[in-house]
Amino acid sequence: MARHVIAAVDELPPGTRKFLEIDGRPIAVFNIKGEYFGLMNRCPHQGAALCEGPLIGLAQSSNPGEIEYTKLGEIIRCPWHGWEFDIRTGQSYCDPRRFRVKAYSAHVEPGASVVKGPYVAETIPVKVESDYVVVEL
């Protein structure tokens, strides 16, 4: 599995998302309370740009008339038809047995481990002879 550096931590504060394309795949990366999650930015229902929808919570009820609002900011609602998916897992709340959005692992790594080499620069010897630049290959 290939790694892709997508942003510095301060470029993706809690509650935000970043849209990108990696290897031709539309992906969004979310920062939820300091945790990072990646989702395919395509709704499996009819192909909408899923991650452009609102972040909401999950309304649950164990008894009639009692509603508990959980997972605040962890559910994404498709902007076309309102299908809802868990950002952490990609699970559909409309039809969990048939539909899921591809979820990608996202995490923070120390800057030194991301930019550390070894980088090898290609060098070509160059010398000047009688007003001409000659490149030796």
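# Report on a predicted model

Glutamate 68 touches Leu58, Ala59 and Gln60, leaving aside residues up to four places away in sequence; a contact means heavy atoms within 4.5 Å. The model is predicted, so that local features need pLDDT of at least 70 and side-chain atom pairs count only at pLDDT 80 or more, while totals for chains, interfaces and linings use all residues. Residues are numbered from 1 along each chain as its sequence is written, and side-chain values use heavy atoms, with hydrogens and water left out.

Glutamate 68 sits in strand β5 (residues 66–77). Its C-alpha atom is separated by 9.9 Å from that of glycine 57, 11 residues apart along the chain. Strand β4 (residues 55–63) pairs with β5 in the antiparallel sense over six bridges; two strands pair if DSSP finds at least two bridges between them. Leucine 58 has threonine 70 in β5 as its bridge partner. Two residues lie between the strands of the β4 and β5 hairpin, where glycine 65 takes a positive phi near 80 degrees.

Helices (H or I, at least four residues) and strands (E, at least two) are DSSP runs, numbered from the N terminus. Of the 137 residues, 29% are buried, meaning under 20% relative accessible area with a 1.4 Å probe and protein chains only.

The largest nonpolar core has 17 residues, of which Phe30, Leu39, Leu50, Ile76, Phe85 and Ile87 touch the most other members. Both β2 and β3 supply at least two residues of this core. Apart from it lies another core, of six residues, including Leu12, Leu20, Ile22 and Tyr36. A nonpolar core is a set of buried Ala, Val, Leu, Ile, Met, Phe, Trp, Tyr and Cys residues joined through side-chain atoms within 4.5 Å.

The largest pocket holds about 880 Å³ of space. Its lining comprises 28 residues, and Arg3, His4, Ile6, Ser105 and Ala106 lie nearest the centre. A pocket is an open set of points on a 1 Å grid over the protein atoms alone, where a 1.4 Å probe fits, with protein on both sides within 12 Å along at least five of seven lines; lining residues have an atom within 4 Å of a point.

Technical notes. Points joined across faces, edges and corners; volume = space filled by probe spheres on them. Buried < 20%, exposed > 50% of the residue type's maximum accessible area, 1.4 Å probe, protein only.
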